Amino acid sequence: MAFTAKDVVALREKTGVGMMDCKKALVETDGDMDKAIEILREKGLASAAKKASRVAAEGAVAAYNDGKAGAIVEINCETDFVAKGEPFVNLANSVAKTVAIANPADLEALNATKIADGNNTVEEAVQEVFLALRENMKIRRFARVEGHAVTYIHAGGTVGVVVNFDTTDEIAAKPEFEVMGKDVAMQIAAMSPEYLAKEDISDEELAKLRNITVESALNKPDSLPAPILKDLIATACNEKRWSDADIAMYEEKKDNMKFLFNFLSEDAIPALAAIAIEKKAEITANPIFAKVVDGRINKQIKEICLLEQPFVKDDSMNVGRYISSVAHTLGGEIKAKEFVRFAKGEGIEKKQDDFAAEIASMVK
């Protein structure tokens with residue numbers, strides 16, 4: 001079967017592969033377009049396997065919300081240039097839509113699912129884009145929530161959020177609900193909470209948090225309540241844990257200890273910390289210390305729990321109160337049920353090129 005230059009162009013448009021590769025495929029298949037596409041895909045798979053070892057830490061997070069479900073997906077590639085290109089962006093958006101509509105069980109199921117607005121599977125669609133762009137790329141993860149969801153994408157896909165709310169269809173249809181949902185999603189994108197509410201922190205995690213807070217306080221004795229600190233200093237002086245110079249400086253400044261530690265040696269605080277750890281049982285039993293620890297834990301809870309965080313747009317209230325105020329205005333109830341936040345490339349170790357070492361090795 002003969003083929004013309006128009007056939008080469010047509011194959012190029014269908015696959016995004018370079019003109020010479022398209023021509024070679026048509027020569028190999030004697031002009032059969034379908035077989036040429038199949039060959040290019042096979043070659044692409046071989047090429048993709050060679051490139052799979054390259055670190056794909058760039059990419060984008062995409063989202064889709066059809067009113068029944070919301071989804072976010074992270075797809076990675078090798079360079080920011082490709083990630084910002086239209087083919088890659090369109091792929092990410094189509095995969096997010098597929099997740100929302102098809103509700104795949106896992107990545108394997110997603111790859112085998114027919115992509116939204118297309119005839120190929122998701123895996124084949126990824127391969128098509130690879131053929132055109134020649135970069136290692138893969139779908140890393142996805143999340144889907146059903147119900148009244150709101151999605152938000154920050155800075156062209158660097159961060160993506162999906163939040164699920166429990167409310168009525170009537171309230172969810174109001175523009176004020178959409179504004180509130182976007183506000184909450186933007187809060188999550190910016191402040192990266194670990195939990196929805198403090199009730200979601202397990203007893204085990206709370207115990208771990210308390211233990212870390214106690215150990216941190218003991219290792220930073222200059223931040224301890226004055227009565228406990230003075231007891232530690234008394235031990236340091238009486239047992240000669242401090243140098244004579246530090247003891248003399250304490251005697252000089254003890255009536256006004258506000259700036260005492262600015263004048264002590266660098267060994268003074270570690271010495272107090274060692275004493276504090278030795279007296280851990282005694283200190284932790286002190287109600288004053290317990291109150292300090294509770295205060296520090298409550299402060300951390302306000303940082304890691306979404307509903308406890310001060311609302312970024314109005315810090316006179318927390319996020320939970322903001323949601324409640326909108327619900328009151330709309331004459332109903334709104335409850336945040338769950339959220340998922342993806343940051344592009346988080347947890348992926350990027351390759352660090354040592355160009356100086358590379359050049360040095362070349363000139364040896």
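Guide: First a term: buried means under 20% relative accessible area, exposed over 50%, and partly exposed in between (1.4 Å probe, protein chains only). This is a predicted model, where local features need pLDDT of at least 70, side-chain atom pairs count only at pLDDT 80 or more, and totals for chains, interfaces and linings use all residues. Residues are numbered from 1 along each chain as its sequence is written, and side-chain values use heavy atoms, with hydrogens and water left out.

Visitor: Okay, is Asp117 buried or exposed?
Guide: Asp117 has 71% relative accessibility, so it counts as exposed. Its phi is near 60°, positive in a residue other than glycine.

Visitor: And where does Asp117 lie?
Guide: In the loop between helix 6 (107–112) and helix 7. Helices here are DSSP runs (H or I, at least four residues), strands likewise (E, at least two), numbered from the N terminus.

Visitor: What about the phi of Ala155?
Guide: Ala155 is not a glycine, yet its phi is positive, about 50°. Most residues other than glycine have a negative phi. Ala155 sits in the loop between strand 4 (148–154) and strand 5 (159–166), and it is exposed at 51% relative accessible area.

Visitor: New topic: at what angle do helix 5 and helix 7 pack?
Guide: About 175°, with the axes of helix 5 (residues 86–102) and helix 7 (residues 122–133) 10 Å apart. Axes are lines fitted to C-alpha atoms, for helices over the stretch in contact, and angles run from 0 to 180 degrees between N-to-C directions. The two helices are therefore roughly antiparallel, a label for angles over 145 degrees.

Definitions and conventions. Parallel < 35°, antiparallel > 145°, perpendicular 65-115°, else oblique.
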